[in-house]
Amino acid sequence: MVRIVGGSRVVALLALLAFPALSYSQAAVPAPSAELSVDQIRDFLKNAKVVKTRSTDKGVTAPKRLTLSDGNITHDAVFQAIDDHQSVMQLGGGGRQATTELNFVDSYKYNIAAYEISRLLGLDHMMPVYVERKWNGQTGSISWFVPSLMDESERLKRKVEPPNANDWNQQMYRMRVFSSLLRDTDRNLTNVLITHEWKVMMIDFSRAFRLQPELLHLQDLTKIDRQLFEKLQTLSKEDVSRATKDYLLKREIDAMMVRRDLLVTHFKTLIAGQGEAKVLY
């Protein structure tokens, strides 16, 4: 399980599912020296020429590692075209307890929707840019490759402690809230990247946006970023619908907004009982 490091306290974040997801820990093509705007990255991902392709070594959704170039910038990206819909899906294996999921969806569209919602909440610094692109006869999501030190699975195996435990914990708290809002059922260790600056990057949301309104792992939602809490309270269905209109169904948005209301109520209750200082940071 993902752990929060803080003094002697280790708090479970999210339970793992049976299937591993894509790891970005391989060496990447260096990013351009100058900082690019989000719009520039979007344009590059959508239009740059694919000059090299290869398969990734992890993930059941068969993502592809692409090297893109527009003549001035060369950078890697990850293309994922999964769009699987099953009325009944058996999950499990590998020594883990099997489960059955109704109305199962595993879709690249959720990657793009998650990124757009992260922008509404001011959390897009914790995700790579995702856009839609057609490539090799398929439509899928394509994301800016994130050079990383390791993923969270590697960090735990190597027993590497974050250099700043407080900053690390705060990033984990933000990820918890975001994952609960989206009801992301695959926020496993390989979907949590650690950059060279020890910043958390969340990837692969293809199994998010479930229709159940209940919050996952409510007992672990103990703290929230003050600015995130404010943005969460003002998040409107209209803004979400506008930002995700090509990627989410109305019922998926409705379920997410119910979870938003539950999150707001949950943290208001914590604040009332414990005080702002212990809940907000």
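Visitor: How much space lies in the second largest pocket?

Guide: About 310 Å³. A volume is the space filled by probe spheres set on grid points, which are joined across faces, edges and corners. The model is predicted: local features need pLDDT of at least 70, side-chain atom pairs 80 or more, while totals for chains, interfaces and linings use all residues. Numbering runs from 1 along each chain as its sequence is written, and side-chain values use heavy atoms, without hydrogens and water.

Visitor: What makes a residue part of the lining?

Guide: An atom within 4 Å of a pocket point; a pocket is an open set on a 1 Å grid over the protein atoms alone, with protein on both sides within 12 Å along at least five of seven lines. Here 19 residues line the second largest pocket, with His-85, Val-105, Tyr-110, Leu-249 and Glu-252 nearest its centre. E7 gives the largest share, 5 residues.

Visitor: Why is the set around Ile-117, Leu-182 and Phe-209 called a nonpolar core?

Guide: Because a core is a set of buried (under 20% relative accessible area, 1.4 Å probe, protein chains only) Ala, Val, Leu, Ile, Met, Phe, Trp, Tyr and Cys residues joined through side-chain atoms within 4.5 Å. The largest has 67 residues, and those three have the most contacts inside it. Its largest share, 8 residues, comes from H7.

Visitor: How do you know that E8 and E9 pair?

Guide: Pairing takes at least two DSSP bridges. Strands E8 (residues 130-135) and E9 (residues 138-144) have 6, in the antiparallel sense, so they count as paired. Lys-134 stands opposite Thr-139 in E9.

How values were computed: On a 1 Å grid over the protein atoms alone, a cavity is a set of points where a 1.4 Å probe fits but cannot get out, and a pocket is an open set with protein on both sides within 12 Å along at least five of seven lines; lining residues have an atom within 4 Å of a point. Helices (H or I, at least four residues) and strands (E, at least two) are DSSP runs, numbered from the N terminus. Buried means under 20% relative accessible area, exposed over 50%, partly exposed in between (1.4 Å probe, protein chains only).
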